[in-house]
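Me: I'm new to this structure, so could you take me closely through one part of it, the metal site and its surroundings?

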Amino acid sequence: MAQLPILEFPDARLRTVAKPVAEVTDATRRIIDDMFETMYAAPGIGLAATQVNIHQQIIVMDLSEDKSEPQVFINPSITVQGEELDSYDEGCLSVPGFYESVERPKSIKVEAIDRNGSPFIIEPEGLLAVCIQHEIDHLNGKLFVDYLSNMKRQRIRKKLEKQQRG
Ligand code: QAP
Ligand code: CO
């Protein structure tokens, strides 16, 4: 397994739209394992392949305290969104050090494929629903900072650019 470098905002590669995985193979599972290693090391609760410069529709997530609940979503799609919205203070491994409130549908229905290539459907609420929506945004080249005011986003961009220059 290998830890992969994480792209940071405002890197243009984070704007790439990921392609669906045509077939789940050992190569796909190797990417998934490397993504888990990268996410756990960070540490984070969710990581989209886009963030490690792999432009395939793959998400890994673990909301547990002790790395005991790894979840994989390949080719995920949101098929139903509830009417009710909820706000959550979101962060992102690609926007290190910044947390801002984002409003999203509180409950959704998601169809995806697991690491064995089997389809499944879930209806998450709470943090799981927030995290899946945040990660699916990554696969579409979108970041949580895109929901903020231009002023807030620009402040975050300037601070990160300065930090990245070292
Ligand atoms: C996405 O984010 C998420 O700023 C996953 O310095 C987060 O794992 C969805 C992290 C919150 C919903 C709510 C962030 C680590 C990890 C940082 C993460 C940082 C170090 C973020
Ligand atoms: Co993120």
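Reply: The cobalt ion (ligand 2) is held in this predicted model by three protein donors, Cys92 (SG), His134 (NE2) and His138 (NE2), at 2.1 to 2.2 Å. Donors here are N, O and S atoms within 2.8 Å of the metal (3.2 Å for Na, K and Ca), and because water is not among the atoms, sites may look incomplete. Along the sequence, the donor residues follow the spacing C-x41-H-x3-H.

Both histidines sit in helix α2 (residues 126–139), 4 residues apart, or about one turn of the helix; helices (H or I, at least four residues) and strands (E, at least two) are DSSP runs, numbered from the N terminus. His134 is buried at 7% relative accessible area, and His138 is buried at 1%. Buried means under 20%, exposed over 50%, and partly exposed in between, with a 1.4 Å probe and protein chains only.

Cys92 brings us to the largest pocket: among its 20 lining residues, those closest to the centre are Ile45, Gly91, Cys92, Leu93 and Tyr99. A pocket is an open set of points on a 1 Å grid over the protein atoms alone, where a 1.4 Å probe fits, with protein on both sides within 12 Å along at least five of seven lines; lining residues have an atom within 4 Å of a point. Helix α2 gives the largest share of the lining, 5 residues.

Residues are numbered from 1 along each chain as written, while chains are lettered from A and ligands numbered from 1 in written order. Local features need pLDDT of at least 70, side-chain atom pairs count only at 80 or more, totals for chains, interfaces and linings use all residues, and side-chain values use heavy atoms, leaving out hydrogens and water.
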